[in-house]
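Subject: Structure handover

Hello,

Here is the structure for you to look over. My notes follow below it.

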Amino acid sequence: MTMYSFDGIVVFGLLYICTCAYLKKVPRLNSWLLSEKKGVWGVFYKAAVIGTRLHHAVAITCLSMALYLVFLK
């Protein structure tokens, strides 16, 4: 799996969203990393919001991507 294939980009995006959503639950990291809502640092905040609000869709996508990588790739 490389970063330049489509499935590599999807896996990277899912891992990024899940990591940011997890970091939002840690109080010290939340105030340091996710305090900015605009600009370059706002990307972390926006990914955390996507991960927390759409957690069912993200979980289903993670599961389907894992099944794809294990059985079809």
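Start with helix 3, residues 42-53. This is a predicted model. Helix 3 has 12 residues and spans 16 Å from its first C-alpha to its last. That is close to the 16 Å expected at 1.5 Å a residue.

Next, burial. In helix 3, the buried residues are G42, A47, A48, V49 and G51. Their cover includes helix 1 and helix 4.

Now the charges. A search of the whole structure turns up 1 salt bridge. K73 and D7 form it through their side chains, at 2.9 Å from N to O. The pair ties together distant parts of the chain, 66 residues apart. D7 sits in helix 1 (residues 6-25). K73 lies in the segment after helix 4 (55-72).

Are the two partners buried or exposed? K73 counts as exposed, because its relative accessibility is 54% and the cut-off for exposed is over 50%. D7 counts as buried, because its relative accessibility is 7% and buried means under 20%.

Last, the surface. A nonpolar patch there is formed by L63, L67, Y68, V70, F71 and L72. Together they have about 680 Å² of accessible area. Take L67, one of the patch residues. L67 is in helix 4. At 43% relative accessibility, L67 counts as partly exposed, because that value falls between the 20% and 50% cut-offs.

When you open the model, please look at helix 3 with its cover from helix 1 and helix 4, then the K73 and D7 pair, then the nonpolar patch.

Best wishes

Technical notes:
Residues are numbered from 1 along each chain as its sequence is written. This is a predicted model: local features need pLDDT of at least 70, side-chain atom pairs count only at pLDDT 80 or more; totals for chains, interfaces and linings use all residues. Side-chain values use heavy atoms; hydrogens and water are left out. A salt bridge is a side-chain nitrogen of Lys or Arg within 4 Å of a carboxyl oxygen of Asp or Glu. Helices (H or I, at least four residues) and strands (E, at least two) are DSSP runs, numbered from the N terminus. Buried means under 20% relative accessible area, exposed over 50%, partly exposed in between (1.4 Å probe, protein chains only). Patches are made of residues with over 30% relative accessible area and no salt bridge: like charges are joined within 9 Å, nonpolar side chains (Val, Leu, Ile, Met, Phe, Trp, Tyr) within 5 Å. Accessible areas come from the Shrake-Rupley method with a 1.4 Å probe; for residues, only the protein chains shown count as cover. The expected span of a helix is 1.5 Å times one less than its number of residues. Contact means heavy atoms within 4.5 Å.
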